[in-house]
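Q: I would like to go through a model and learn how its features are read. Where do we begin?

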Amino acid sequence: MTPQERAGDESLVILQSLLCLLREKNVLTRADIETLTDRVSMRASQAERDPIPCCAEAARNAAQEMAKISSYIGPHYGGKHRRS
């Protein structure tokens, strides 16, 4: 594993833990997590037009990871879904 990959893994663990902690403390709602998941997904699908440049592959990976986080946090901590 390269140092860059390791740093990415460490950042991911920190991000996952932070999102769970913020949800547990009710700083973020389930609806907030769903909105964040959608925004990350949108950035991944429009990476070439994103005003904040990022690697398209990294954006797709981030969207997949955010979907996993959302699917864990929702049932684990509960809360109301977003209103459509």
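Q: Let us begin with a pocket lining: how do the residues of the lining of the largest pocket divide into nonpolar, polar and charged?
A: The model is a predicted one. The lining of the largest pocket has 11 nonpolar residues, one polar residue and two charged residues.

Q: How is such a space found, and how much space lies in the largest pocket?
A: Rolling a probe the size of a water molecule over the atoms shows where empty space is left. Here the largest pocket holds about 360 Å³ of space.

Q: Which residues lie nearest the centre of the largest pocket?
A: V40, A58, A59, N61 and A62 do, out of 14 lining residues. The elements giving two or more residues to this lining are α1, α2 and α3. Helix α3 supplies the largest share, seven residues.

Q: What pattern does the protein chain follow along the sequence?
A: The pattern is α-α-α, with three helices and zero strands. Of contacts between residues at least 6 apart in sequence, 65% join residues at least 24 apart.

Q: What share of the protein chain counts as buried?
A: Of its 84 residues, 26% count as buried. The accessible surface comes to about 6300 Å², and carbon and sulfur atoms account for 56% of that surface.

Q: Which residues form the largest nonpolar core?
A: The general idea is that in soluble globular proteins, nonpolar side chains tend to be buried together. In this model the largest nonpolar core has 12 residues: L19, C20, L28, I33, V40, A44, A47, A59, A63, M66, I69 and I73. Two or more of these residues come from each of α1 (3–24), α2 (30–45) and α3 (56–77). The largest share, five residues, comes from α3.

Q: What does A44 touch, not counting residues up to four places away in sequence?
A: A44 touches A59, R60 and A63.

Q: Is E65 buried or exposed?
A: E65 counts as buried because its relative accessibility is 16%, and the cut-off for buried is under 20%. The residue is found in helix α3. Leaving aside neighbours within four places in sequence, E65 is in contact with L12 and Q16.

Q: What does Y72 touch, again not counting residues up to four places away in sequence?
A: Y72, in helix α3, touches C20 and Y77. The C-alpha atoms of Y72 and C20 are separated by 9.2 Å, and the two residues are 52 residues apart along the chain. At 42% relative accessibility, Y72 counts as partly exposed.

Q: What is the phi of N26 near?
A: Most residues other than glycine have a negative phi. The phi of N26 is near 60 degrees, a positive value in a residue other than glycine. N26 is placed in the loop between α1 and α2. The residue counts as exposed because its relative accessibility is 57%.

Key
Residues numbered from 1 in each chain as written. Predicted model: local features only at pLDDT ≥ 70, side-chain atom pairs only at ≥ 80, totals over all residues. Heavy atoms only, no water. Core = buried A, V, L, I, M, F, W, Y, C linked by side-chain atoms within 4.5 Å. Buried < 20%, exposed > 50% of the residue type's maximum accessible area, 1.4 Å probe, protein only. Helix = DSSP H or I, 4+ residues; strand = E, 2+ residues; numbered from the N terminus. Contact = heavy atoms within 4.5 Å. 1 Å grid on protein atoms, 1.4 Å probe; cavity = no way out; pocket = protein on both sides within 12 Å on 5 of 7 lines; lining within 4 Å. Points joined across faces, edges and corners; volume = space filled by probe spheres on them. Nonpolar A, V, L, I, M, F, W, Y, C, P; charged D, E, K, R; others polar. Areas by Shrake-Rupley, 256 points an atom, 1.4 Å probe, with all protein chains shown as cover.
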